[in-house]
Amino acid sequence: NAGVTQTPKFQVLKTGQSMTLQCAQDMNHEYMSWYRQDPGMGLRLIHYSVGAGITDQGEVPNGYNVSRSTTEDFPLRLLSAAPSQTSVYFCASTTIGAGGHTEAFFGQGTRLTVV
Amino acid sequence: KQEVTQIPAALSVPEGENLVLNCSFTDSAIYNLQWFRQDPGKGLTSLLLIQSSQREQTSGRLNASLDKSSGRSTLYIAASQPGDSATYLCAGGTSYGKLTFGQGTILTVHP
């Protein structure tokens, strides 16, 4: 059982380049989300999805796009990378249990450096 | 807006000590409180999850409590070991599985 898989693990981009961070889960979870982790800032929510075809913005959405065409995949796109987007990115998949109880599971992260 | 604070920011203890990590949140309307462990350069591993209707959860040497009325959660680690050294994160859960994280407590357990 792979859980939440993020690719790539490491990436270096030049300012202005675009790229897509991949996230896939094999647990059939409806909820998925993207966070970025910066020193002194903790993890902050970028975008989230409550199911295929439905996405919404989190706390820090500027500069990022998402889509959710399938339950399994939730890619994060950087349209024009900026040094301020240098960070570690985590994808989470959340299960909905009895009574609406939720629990999040995280991928191993993507370390992105924008030069 | 939910804000989550963790105290202390860093903690260094000798092996064998019992210790308490603190987490406070400003909005008591959380759905759950989740504690994670993060090793350097790694992802987040879920340790304990307390639903809003629960008061505490236990797993091995770990015990987490939740007091929504006071906006506090604590993670108790019994008989600490060097292998417990890591960053511990707490996160308050709201609708749609969204989490608000504290900045973490860096724990070092020395032999």
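Let's start with chain B, which has 11 strands and zero helices. Walk along its sequence and the pattern reads β-β-β-β-β-β-β-β-β-β-β. Keep in mind as you look around that this is a predicted model.

How is that chain packed? A compact globule with 111 residues would have a radius of gyration near 13 Å, and chain B has 13 Å, so the two agree. Laid along its principal axes, the C-alpha trace of chain B spans about 40 × 25 × 20 Å. Buried residues account for 43% of the 111 residues in chain B; for this count, buried means under 20% relative accessible area. If you take the contacts in chain B between residues at least 6 apart in sequence, 53% of them join residues at least 24 apart.

Over to chain A. Here we find zero helices and 11 strands, and from the N terminus on the elements run β-β-β-β-β-β-β-β-β-β-β. The radius of gyration of chain A is 14 Å, close to the 13 Å that the globule rule gives for 115 residues, so chain A is as compact as a globular protein of that length. Its C-alpha trace spans about 45 × 30 × 25 Å along the principal axes. Of the 115 residues in chain A, 47% are buried. As for contacts in chain A with a separation of 6 or more, 53% come from residues 24 or more positions apart.

Chain A exposes about 5300 Å², with 51% of it supplied by carbon and sulfur atoms. Its side chains include 7 positive and 8 negative ones, and the centres of these two sets lie 13 Å apart.

So much for the chains one by one; what about the place where they meet? There, 21 residues of chain B are in contact with 21 residues of chain A. Interface size is often given as the accessible area lost when the parts come together. In this model, about 1800 Å² is buried between chain B and chain A, and carbon and sulfur atoms give 54% of that area.

Definitions and conventions: Residues numbered from 1 in each chain as written. Chains lettered and ligands numbered in written order. Predicted model: local features only at pLDDT ≥ 70, side-chain atom pairs only at ≥ 80, totals over all residues. Heavy atoms only, no water. Helix = DSSP H or I, 4+ residues; strand = E, 2+ residues; numbered from the N terminus. Rg over C-alpha atoms; globule rule 2.2 N^0.38 Å. Buried < 20%, exposed > 50% of the residue type's maximum accessible area, 1.4 Å probe, protein only. Contact = heavy atoms within 4.5 Å. Areas by Shrake-Rupley, 256 points an atom, 1.4 Å probe, with all protein chains shown as cover. Lys, Arg positive; Asp, Glu negative; His and termini not counted. Charge placed at Lys NZ, Arg CZ, Asp CG, Glu CD. Buried area = accessible area lost by both parts, 1.4 Å probe.
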